[in-house]
Amino acid sequence: MKKVNCFLPALSVEQILPTVNELRSTKFADDLQIFILSKEKLEVEGCSNIISDNINSMETLRSIAENSNADFTLIYTKYTTLSFAQYGLERFYNLAIASGAGLMYSDFYQIINGVRVNAPTIDYQFGSLRDDFTFGSLLFYNSKALKDALRSIKGEYNYAGLYALRLAVSRIADIAHINEYLYTEIEQDTRKSGDKQFDYVDPKNRAVQLEMEAACTEHLKAIGGYLEPKFKDVEFDKGNFEYEASVIIPVRNRVRTIEDAIRSVLMQKADFKYNLIVVDNFSTDGTSDVIARYAKEDERVIHVIPEREDLGIGGCWNMGVDHPKCGKFAVQLDSDDVYESPATLQTIVDAFYEQNCAMVVGSYTITNGEMKPIPPGLIDHKEWTPENGRNNALRINGLGAPRAFYTPFLREIHVPNTSYGEDYALGLRVSREYQIGRIYKSLYLCRRWDGNSDAALSIEKINANNLYKDKIRTFELISRIKMNMINNK
């Protein structure tokens, strides 16, 4: 019996042959059996053929399980050439035996426009529920864990099969990260990080997202982390507020855009009293002068300069929310962006009362620096549903914008003092108990330009961000499981 069964997706003999030859050139070649996954039968000497055109489907995964008679199952997920580092395949095998893991993945190299670059991955953890977790294109399964996990999956997925499989594997075995560069793949998606982050809200991917949500919900139910659509009521009578709403803008060195942001707030027309709290985190480029000028001219503008120097965006938000002049509702606006119309603030505050929620999330339009719409245009996060939104929130990487909060609750839980993911952490925490209100029409213009903080991130920065959000999910998931256990008792 072979030690490893290898399953490779193929479009043609010419496309797959380099990868087959690579596997045969390793010193581990005698211990391998190679299967070609293709839409039509392909004759590759020494290889078996499985008819399949979708490696993400449950049908294909069942075919893999049925044909895998080795201790381990290697699944390659790309239609490009795979090559191994020195003894890379043997390393996968030896560590899989040593660890007993159900699924192993490693760091890898990518060939991008002919240049080899490092592609480090991060450790998998309990809260790594997002469907875009980067494993790389080589998945090394314990065959028994793979087969047991497949049998436990209830859904019949066409797009979410691999996602449902790794969630199911995580329920019965460890998912282990090898911090070594064990192979090289060719990367054809060379877009910047800022362009990729909206893929999951693209209407073209709607069917995929619905399946991913179903798979995640199935997993949450299996581990006791699913929350039924039962929410606490919000009583809007806490505190004595001079203002009904406060717009909060944390800012550091945005002299290019801060004036537009301030103006868009001051032009708001509402049937209640509101103000603007700008938390200026020690700007050095003239931003402070702009804010000071508006604060002198209009009493609604409050210019706050923190006393401490260790605040991120979340810490600046705490400064604004804790300010004695903060209104009953704290409403977000980034210093890069502008409200789309004078009715934005009124629309947000009305949503709190109409939907009885502790947090409201709106929609926005992506524009260039001149505020002209650019693809993908409207970001409305319609994947959110009142019935399952707070469960699906554990799968996706963000809840949308602009965000607004019932101030007494925010003063109770506080904002994490970070400059990334603080809004996501709040959304998870709020939704554990309360409904999050949604507004699906565009409320503000989100300007994309080279100076944006997330326009083109390095892979190290992306990994750090993702690691943080996965940790937030881990904390939240544990809290939800404990809450369910208490409620069930």
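**Stop 1: helix α7**

Select what covers the buried residues of α7: the cover includes α4 (143-152), α5 (161-170), α12 (389-392) and α15 (459-488). Helices are DSSP runs of H or I with at least four residues, strands are E runs of at least two, and both are numbered from the N terminus. This is a predicted model: local features need pLDDT of at least 70, side-chain atom pairs count only at pLDDT 80 or more, and totals for chains, interfaces and linings use all residues. Residues are numbered from 1 along each chain as its sequence is written, and side-chain values use heavy atoms, with hydrogens and water left out.

Now select residues 206-223, which form α7. Which residues of α7 are buried? They are Q209, E211, M212, E213, A215, C216, T217, E218, H219 and L220. Buried means under 20% relative accessible area, exposed means over 50%, and partly exposed is in between (1.4 Å probe, protein chains only).

Check the length of the helix next. The expected span is 1.5 Å times one less than the number of residues. For the 18 residues of α7 that should give 26 Å, and the end C-alpha atoms are 26 Å apart, which agrees. Step past the end of α7 to G224, where phi is positive, near 85°.

**Stop 2: the whole chain**

Zoom out. The chain has 15 helices and 18 strands. Its radius of gyration is 25 Å, close to the 23 Å that the globule rule gives for 489 residues, so the chain is as compact as a globular protein of that length. The radius is taken over C-alpha atoms, and the rule is 2.2 Å times the number of residues to the power 0.38. Along the principal axes, the C-alpha trace spans about 80 × 55 × 40 Å.

Of the 489 residues, 57% count as buried. Colour by contacts, meaning heavy atoms within 4.5 Å. Among contacts with a separation of 6 or more, 80% come from residues 24 or more positions apart.

The chain exposes about 21,600 Å², with 49% supplied by carbon and sulfur atoms. These areas come from the Shrake-Rupley method with a 1.4 Å probe; for residues, only the protein chains shown count as cover.

**Stop 3: T365 in β15**

Select T365, in strand β15 (residues 359-367). At 11% relative accessibility, T365 counts as buried. What does T365 touch, not counting residues up to four places away in sequence? Show E340, P373, G377, L378, S442, Y444, L445 and C446.

**Stop 4: backbone exceptions**

Most residues other than glycine have a negative phi, and most peptide bonds are trans.

- P376 lies in strand β16 (residues 373-379).
- A401 to P402: the bond is cis, with omega about 0°. P402 sits in the loop between α12 and β17 (403-406).
- N253: phi is positive, about 55°, although N253 is not a glycine. Find N253 in the loop between β10 (245-251) and α8 (258-266). At 23% relative accessibility, N253 counts as partly exposed.
- H381: phi is near 50°, a positive value in a residue other than glycine. H381 is in the loop between β16 and α12. At 3% relative accessibility, H381 counts as buried.
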